[in-house]
Amino acid sequence: MTHPYDVDVAIIGYGPSGVAAANTLGARGVSFTAFERDRDIYPRARAVTVNDWTMRIFQSFGADEAVKRDMDVMRALRWITYAGEELYRVDFPPSTLGGNARFYTIYQPLMEATLREHAERHTGGSVRYGTEVVGVEQDADGVTVTARDLTTGRTTTTRARYALACDGGSSPTRELLGVQLDGDTLDVTWVVIDTYVKRWWPDRNLLTFWSDRDRPVVDIALARGHHRWEIPLRPEESRADFAAPGQIWPLLKAMGVSEDDVEIHQHAFYKHHLRTADRWRVGRVFLVGDAAHLMPPWAGSGMQSGIRDAFDISWKLTYVLDGRMPDAFLDTYETERRPNVALYTSLSDQLGKIVRLELSEEEMSELTAPPVAGEPAAEPPLIRR
Ligand SMILES: Cc1cc2nc3c(=O)[nH]c(=O)nc-3n(C[C@H](O)[C@H](O)[C@H](O)COP(=O)(O)OP(=O)(O)OC[C@H]3O[C@@H](n4cnc5c(N)ncnc54)[C@H](O)[C@@H]3O)c2cc1C
């Protein structure tokens, strides 16, 4: 008798969330096919950091040492004005989760490449690059994914028990399922400038938020000699004003950075979103990562939340697929992950307010008050609910 399923799990989209799901499922012997529209890894450095919890997830499928080779330990964060006043600083304590640092800087394309290589070597799953998912249909027993090979135009169907939509912020699967993406998009365009470092400068590896109402700037050392600046455009400025690399230099020069310090690698524009899908599960299909939620980058948690989603739903799927838990167990995916994502979305929003100097004097003085000797330091206001 022909088995009605081609595979246990179909993974739609193979960015950080998809590859984390593949590794987690594969390490537990679950079969999967991943579909990825692009042939190559998205070339832009987007996420800049991972923490020790994310490293624990990588460790769970044996990829932590390999990804660490392309990471640098992050020392501290500081919020500072152009006049040199340090408003707030977070020095990272050692991790309590084993041998890892608390935070690392990464270079996202390199990290993704290592995770893909790990999945290829250590799982039995397959990945179909250059293949776009164009249909997702389901019934009581499974999901049928229709995909088109973008080179040949050939369309195939794959029958899976469950599917994970890891297809990013504009998730076509979310659209196909009729799921709403609730929330807001902030009306400020940011230019993100990625550079290669030619010569080191003092404190380059301190993640610095230049805090200012008019021109707040994020200044981040990425791993492997990359450096990034993120700068919001003023209301009178447009993307067209900064289309060519030559038009970007005045922004960097205003920060005291010259052609002797860095070479511009690429730049891109983006807006911040605070959005969440109204449902993360539709029958046998689960939304994962940016497909389920989008947040500003201030807490460095967009990609990491997606990796946590992928880990959560994937280990739960293994329990349901081998009969240890009923299908209803999978409902705990959204119950557990949604509040955590909401916390980080709200934290990101508040951290953004420090950079734009939008905290009141009272909030700011609470933030900067030195701890009283003998008493534990007050909880930073930015994580008060
Ligand atoms: C400028 C910028 C800065 C950021 N900074 C940070 C940060 O500091 N920290 C942080 O944690 N996060 C940050 N992020 C967010 C982070 O990059 C994303 O959260 C992360 O990449 C999301 O991973 P994902 O796998 O869910 O989605 P994606 O990375 O978007 O991957 C989705 C994949 O699905 C594929 N796909 C889409 N549709 C289909 C289809 N129909 N068929 C097949 N494949 C499909 C796409 O080609 C893509 O490869 C930033 C994002 C941007 C844009």
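Predicted model: local features only at pLDDT ≥ 70, side-chain atom pairs only at ≥ 80, totals over all residues.

Student: What sheet do eight strands form, and in what order?

Tutor: An open one, ordered β6-β5-β13-β14-β15-β12-β16-β19. The pairing is mixed.

Student: Which are the edge strands?

Tutor: β6 (86-91) and β19 (293-294). Each pairs on one side only.

Student: How does β5 connect to β6?

Tutor: Five bridges join β5 (residues 76-80) to β6, and the two run antiparallel. Arg78 has Arg89 of β6 as its bridge partner.

Student: Where do side chains go in a regular strand?

Tutor: In a regular strand they alternate between the two faces of the sheet.

Student: What about the sheet with three strands, what's the order?

Tutor: β3-β7-β4. That sheet is open too, and its pairing is antiparallel. β3 (49-51) and β4 (72-73) stand at the edges with a single partner strand each, so one side of each has no neighbour in the sheet.

Student: How many bridges between β4 and β7?

Tutor: Two, in the antiparallel sense, with β7 covering residues 103-105. Val73 has Tyr104 in β7 as its bridge partner.

Student: Switching to loops. Where is Arg215?

Tutor: In the loop between β13 (207-210) and β14 (217-222).

Student: Is Arg215 buried or exposed?

Tutor: Buried. Its relative accessible area is 11%, and the cut-off for buried is under 20%.

Student: What is Arg215 in contact with, leaving aside neighbours within four places in sequence?

Tutor: Tyr82, Trp210, Ile231, Pro232, Leu233, Arg234, Glu237 and Leu251.

Student: What's the phi of Asp203?

Tutor: Near 60°, a positive value in a residue other than glycine. Asp203 is in the loop between β12 and β13. With 37% relative accessibility, Asp203 counts as partly exposed.

Student: And what about phi for Arg224?

Tutor: Also positive: Arg224 has phi near 60° and is not a glycine. Arg224 sits in the loop between β14 and β15. Its relative accessible area is 52%, and exposed means over 50%, so Arg224 counts as exposed.

Student: Zooming out. How many helices and strands in the protein chain?

Tutor: Nine helices and 19 strands.

Student: How does the radius of gyration compare with a compact globule?

Tutor: It agrees. A compact globule of 385 residues would be near 21 Å, and the protein chain has 22 Å. Along the principal axes, the C-alpha atoms fill a box of roughly 75 × 55 × 40 Å.

Student: How much of the chain counts as buried?

Tutor: Of the 385 residues, 52%. The chain exposes about 17,700 Å², and carbon and sulfur atoms supply 50% of that.

Student: What share of contacts comes from residues 24 or more positions apart?

Tutor: 70%, counting contacts with a separation of 6 or more.

Student: Last one: how far apart are the mean positions of the positive and negative charges?

Tutor: 3 Å. The protein chain has 44 positive and 56 negative charges.

Note on methods: Residues numbered from 1 in each chain as written. Heavy atoms only, no water. Helix = DSSP H or I, 4+ residues; strand = E, 2+ residues; numbered from the N terminus. Rg over C-alpha atoms; globule rule 2.2 N^0.38 Å. Buried < 20%, exposed > 50% of the residue type's maximum accessible area, 1.4 Å probe, protein only. Contact = heavy atoms within 4.5 Å. Areas by Shrake-Rupley, 256 points an atom, 1.4 Å probe, with all protein chains shown as cover. Lys, Arg positive; Asp, Glu negative; His and termini not counted. Charge placed at Lys NZ, Arg CZ, Asp CG, Glu CD. Pairing = 2+ DSSP bridges.
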